[in-house]
Amino acid sequence: MPSIQVADKIYTGFITYMELFNTYTRLAPKYFSQKAWHATQINSRQRLRLYKDLLFPLAEECAQLLGDQAGNSLSWKAIKSEYQSLIADRPDTELAETFFNSVIRKSYPKLTVDEELMFVMEGFDSCRVRETEKLLRTYPSFLGLEKNIRQILDDYDFGAPFMDKEQDIKFLISSVKKVILTRYRVGSDTKTQILKPVFYRNKAAYLIGRTFLGHKWMPFIIPVLHGQKGVFVDTLIFDPNLMSSMFSFTRSYFMVEAEIPSQVVAFLNSVIPHKKIHELYNAIGFNKHGKTLFYRDFLYHLDASTDQFEVAAGIKGMVMTVFTLPSLNIVFKLIKDHFEPPKTMTRQEVRGKYKLVSLHDRVGRMADTHEFEYFRIPIDRISSDLMAELRRTTNSLLKITDTHLIIKHLYTERRMDPLNLFLEHCSTEEGMRATEDYGRAILQLAQANIFPGDMMTKNFGLTRQKRVIFYDYDEIEFLTDMNFRIKPKAETYEQIYASEPWYSIAKNDVFPEDFRRWMIGRKDLKEHFLEYHKNLFDPSYWQKIQERIQEGELIHAFPYPDEIRFRPEEKI
């Protein structure tokens with residue numbers, strides 16, 4: 001029976017995916033211990049590519065097995081039923097369901113979401129943490145603060161000696177006393193729990209834990225870094241906003257071994273409760289299942305709301321048409337059929353830029369996206385202005401039925417306040433903070449080997465925590481491909497009054513001093529910005545960053561401020 005064969009093939013494909021996913025993940029502590037940062041980057045990209053690398057040939061095999069039945073719903077109902085029995089007892093059933101959805105979407109021609117053929121509303125949503133020894137290490141209060149902290153550092157092996165463990169213990173004790181014990185009294189029910197698996201990202205390892213104190217759980221994160229003489233504890237983070245930012249949609253996924261992914265997610269949800277479940281799955285590398293849960297949330301939201309989708313606020317882009325639902329903090333982005341001058345790229349080139357971002361280290365400065373095909377929206381929820389805009393700019397991507405608008409391809413992204421609009425109405429003090437972070441965002445992207453291209457404020461947004469994020473990717477390039485130049489000075493009458501530049505300009509030439517003219521327009525902010533970020537306008541500064549990257553250095557982007565580091569002078 002083809003249904004049994006196809007179900008077995010998909011199940012085998014899923015097992016292969018999980019085995020390889022875990023293989024890449026288990027390399028993270030090894031590379032951390034060896035300070036193999038280049039290998040760390042490659043390993044992360046390979047794990048990101050893995051899903052699609054396996055999915056496309058598998059979907060093609062399934063389609064060939066089914067032949068002319070590949071688009072037959074009865075065949076796929078039978079396959080789903082067989083597959084459901086195969087995965088019923090797995091501890092990662094929810095991931096197996098998402099894998100099936102991915103296969104059918106690639107095997108069944110032009111399939112929209114179908115609850116009978118796919119796993120749409122099934123699977124794990126949320127659960128209580130099972131406080132098992134496999135998941136957690138528990139430290140009781142009766143041992144005392146120093147003994148507990150010493151035991152924690154002894155329990156976790158980072159594959160390298162500590163630079164100064166005694167000093168790390170003193171730093172941690174001092175931090176706990178200052179932030180926690182001045183406000184709460186330790187009781188007989190006080191205990192500390194830390195996830196057994198260590199979270200790795202870039203040059204850092206993180207312990208994620210919580211302490212029961214004052215009748216509630218208090219979360220914390222302990223980052224561990226490599227110095228010149230060994231590993232060291234960099235800080236102790238209690239601030240829930242900082243913790244949330246570390247699991248942000250603007251950052252790369254963690255490498256963390258999760259025997260039962262839903263339990264790791266449940267623990268994370270207990271310490272970062274305002275993060276949605278789909279965001280936490282994204283954060284630990286299961287972004288495809290995060291996409292499934294995001295879509296499930298989207299369907300719930302549609303049922304619970306009545307407002308209409310509308311064109312997003314801000315200056316309309318030359319490459320993307322963007323719309324939103326006011327009651328939902330998401331934007332939907334479609335690549336236009338035709339680009340307005342001076343844009344000359346193709347739709348495929350734009351998709352390539354988004355793929356580049358999905359595989360690159362986002363360093364907390366670029367928004368993660370989910371890519372959808374044949375995305376359905378009830379037709380009565382589309383405003384007339386939005387429908388007119390979509391027909392005018394993206395008509396080739398639209399299919400309209402009596403009940404739904406079906407969009408052949410789009411990206412979803414977290415909605416943010418456009419920086420240009422924010423700067424129009426904010427106070428001078430708010431504007432100074434935002435423009436300072438705007439400059440930091442550009443420089444941190446540069447250190448990650450990303451040159452944004454179009455750095456106008458309209459291409460940046462602010463998160464809930466007023467962090468500046470870049471979200472327009474059609475002109476990004478690798479920083480190392482750019483040529484930063486000093487602008488030649490006109491010397492002759494002809495040069496001074498020439499209507500066109502009298503010197504040659506290559507496509508990849510950049511003149512940083514020109515940034516001064518257009519980066520910030522408000523007079524009360526411009527002078528401060530130019531002084532605060534004077535390095536932005538110096539070609540040699542950009543060239544030095546290029547040299548560091550070309551020499552193989554991985555420039556670490558700290559996901560927390562320097563002022564909370566125990567040893568801010570320590571280089572990594």
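Guide: By class, the lining of the second largest pocket comprises 19 nonpolar, eleven polar and 14 charged residues (Ala, Val, Leu, Ile, Met, Phe, Trp, Tyr, Cys and Pro count as nonpolar, Asp, Glu, Lys and Arg as charged, and the others, Gly among them, as polar). The model is predicted: local features need pLDDT of at least 70 and side-chain atom pairs pLDDT 80 or more, whereas totals for chains, interfaces and linings use all residues. Residues are numbered from 1 along each chain as its sequence is written, and side-chain values use heavy atoms, without hydrogens and water.

A pocket here is an open set of points on a 1 Å grid over the protein atoms alone, where a 1.4 Å probe fits, with protein on both sides within 12 Å along at least five of seven lines; lining residues have an atom within 4 Å of a point. The volume of the second largest pocket is about 1,100 Å³, the space filled by probe spheres set on the points. Its lining is formed by 44 residues, and those nearest its centre are Lys52, Lys106, Lys288, Lys291 and Glu371. Two or more lining residues come from each of helices H1 (2-34), H2 (37-66), H4 (93-107), H10 (287-304) and H11 (347-359) and strand E10 (369-378); helices (at least four residues) and strands (at least two) are DSSP runs. The greatest share of the lining, eight residues, is from H2.

H10 has 18 residues and spans 25 Å from its first C-alpha to its last, close to the expected 26 Å, that is, 1.5 Å times one less than its number of residues. Its buried residues (under 20% relative accessible area) include Asn287, His289, Gly290, Phe294, Tyr295, Arg296 and His301. The buried residues of H10 pack against H4, helix H9 (277-283), strand E9 (330-335), E10 and strand E12 (404-414), contact being heavy atoms within 4.5 Å.

Between E9 and H11 runs a loop that holds glutamate 340. This glutamate 340 is partly exposed, at 40% relative accessible area, the class between 20% and 50%. Glycine 317 lies 23 residues from glutamate 340 in sequence and 9.1 Å away, C-alpha to C-alpha.

Elsewhere, methionine 243 of helix H7 (residues 240-246) is buried, with a relative accessible area of 0%. Beyond residues up to four places away in sequence, methionine 243 touches Pro219, Phe220, Ile221, Ile237, Phe238, Val271 and Ile272.

Technical notes:
Buried means under 20% relative accessible area, exposed over 50%, partly exposed in between (1.4 Å probe, protein chains only).
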